[in-house]
Amino acid sequence: CSGADVPQEQKAGWASFIKSLAQMTGDLSSMTAPPFILSPTSLTEFPAYWCEHPNLFAEISEGKTEQDRMERVLRWFIDTLSAQYTTRNEKMGSEKKPLNPVLGELFYGIWPDLNGRGETRLIVEQVSHHPPITAYYIENAKAGVKLQGHSGQKTSFTGTAINVKQSGHAVLTVQPKNGQKEEKYLITLPKLRIEGIIWGSPYIELTDTNAIQSSTGLTAQIDYKGKGYFSGKSHSFKASIANASGKSLQTYEGQWTGKSHIGGSKGPIFLDTTVPKEEVTVRDVSQQTEWESRKLWVNVAKGIRTGNYDEAGKDKTRIENEQRQRRKDETTNNTTWEHLHFTHVDSDPDYQFLSALLHDKLTPAHEDAYVFKPETMDVVGRSA
Ligand code: CLR
């Protein structure tokens with residue numbers, strides 16, 4: 001029966017949440033949902049999913065040829081998907097509603113230098129609240145690999161599933177170890193379908209396609225299918241790397257949550273995503289500034305974790321009121337909120353150049369971007 005996975009006392013709340021989904025206009029991040037579906041983690045933490053296998057990220061620059069490097073980019077990208085889209089199911093039993101970040105919220109982390117691979121640093125800043133937009137920068141300076149991107153979502157409800165169209169893009173910059181010239185890779189983002197809503201146990205399936213366009217002219221295109229299309233298995237994909245004239249050079253297929261192969265399904269292993277992930281290392285909350293995500297949300301997160309929803313609700317209201325006051329003060333003083341780590345540009349030159357090389361030019365020719373300010377790499381936090 002519907003709502004089978006919803007705690008008895010929250011069934012009515014879940015039913016009314018589903019009703020309100022039907023009225024939603026593109027942004028469900030600020031909608032109130034019943035406690036059982038709340039996650040104690042803010043969306044500003046999600047960019048860490050790009051790097052839970054820091055070796056794959058670092059090894060991109062070791063590729064000997066353009067095609068070898070594109071294959072490494074594709075391998076790292078496919079490898080991030082299980083972290084991005086199935087972690088909450090694994091850790092909390094289903095997809096959950098993340099905390100909706102406040103403007104200026106920060107999240108910092110590192111993956112330590114192991115076996116000489118270099119230290120990887122992560123800097124995240126919430127650069128917009130309405131609509132929510134998260135900007136991120138990840139760099140392994142020693143390896144010569146960096147990723148800059150921003151992420152937003154447009155959501156709609158089909159009656160049984162939530163469709164999520166991701167906005168934003170990421171640009172990966174690679175300095176090849178063999179001294180060949182710097183390369184850029186534009187990464188567009190796949191669409192999501194959140195299924196299992198009716199039962200109260202949401203999970204994500206990826207749909208449609210996304211692409212990786214290299215400044216070398218090579219393109220990787222990834223197609224996603226759920227159960228019953230490519231192989232009868234959920235979380236399936238097929239990918240191909242093509243040259244500038246559209247000729248396919250190599251294909252890949254498998255599951256983005258498990259194993260995938262080069263060529264056909266019996267070809268050599270391309271990737272096994274089930275090797276243990278390395279979670280980002282974050283400073284203890286006691287050493288964080290007021291703007292850092294885990295410190296900012298500490299009481300809300302504690303309330304959600306311990307089932308003390310009154311405490312969670314109270315502190316959430318306090319945070320939201322503070323934010324409202326800040327926005328009011330800005331209007332009164334005729335000031336605007338300034339980003340700490342990123343500069344907003346209306347048209348991203350990398351996007352403009354690389355998206356024009358894509359064969360299927362469905363994407364807009366221009367997109368804005370949040371450019372990381374390298375001089376802020378060592379700035380830790382922001383005073384309250
Ligand atoms: C954010 C960017 C990351 C990948 C990613 C994974 C899960 C997505 C999240 C993004 C955006 C917010 C999201 C979430 C899954 C559920 C959640 C769409 C795209 C929505 C806001 C909450 C839905 C509530 C139901 C679970 C009831 O790189």
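The legends below describe close-up views of one predicted model. Residues are numbered from 1 along each chain as its sequence is written, and side-chain values use heavy atoms, with hydrogens and water left out. Because the model is predicted, local features need pLDDT of at least 70 and side-chain atom pairs count only at pLDDT 80 or more, while totals for chains, interfaces and linings use all residues.

**View 1. The second largest pocket and its lining.** A pocket here is an open set of points on a 1 Å grid over the protein atoms alone, where a 1.4 Å probe fits and protein lies on both sides within 12 Å along at least five of seven lines; lining residues have an atom within 4 Å of a point. The second largest pocket holds about 690 Å³ of space and is lined by 30 residues, of which Ser-30, Asn-100, Trp-297, Lys-316 and Glu-320 lie nearest its centre. The elements giving two or more residues to this lining are β1 (38–42), β2 (97–99), α5 (298–306) and α6 (309–333), and α6 gives the most, with ten residues. Helices (H or I, at least four residues) and strands (E, at least two) are DSSP runs, numbered from the N terminus.

**View 2. The largest nonpolar core around Leu-172.** A nonpolar core is a set of buried Ala, Val, Leu, Ile, Met, Phe, Trp, Tyr and Cys residues joined through side-chain atoms within 4.5 Å, where buried means under 20% relative accessible area, exposed over 50%, and partly exposed in between (1.4 Å probe, protein chains only). Of the 64 residues in the largest core, Leu-74, Trp-76, Phe-77, Ile-78, Leu-147, Leu-172 and Ile-212 touch the most other members, and helix α3 (residues 66–92) supplies the largest share, eight residues. Apart from this core lies another, of 23 residues, among them Leu-99, Trp-297, Ala-312 and Met-377.

View 3. A salt bridge is a side-chain nitrogen of Lys or Arg within 4 Å of a carboxyl oxygen of Asp or Glu, and the whole structure has 19 of them. Arg-318 meets Asp-315 at 2.8 Å, N to O; Arg-318 is partly exposed at 36%, whereas Asp-315 is buried at 11%.

**View 4. The salt bridge between Glu-292 and Arg-283.** The side chains of Glu-292 and Arg-283 meet at 2.9 Å, N to O. Glu-292 counts as buried, at 3% relative accessibility, whereas Arg-283 is partly exposed, with a relative accessible area of 36%.

Key:
Points joined across faces, edges and corners; volume = space filled by probe spheres on them.
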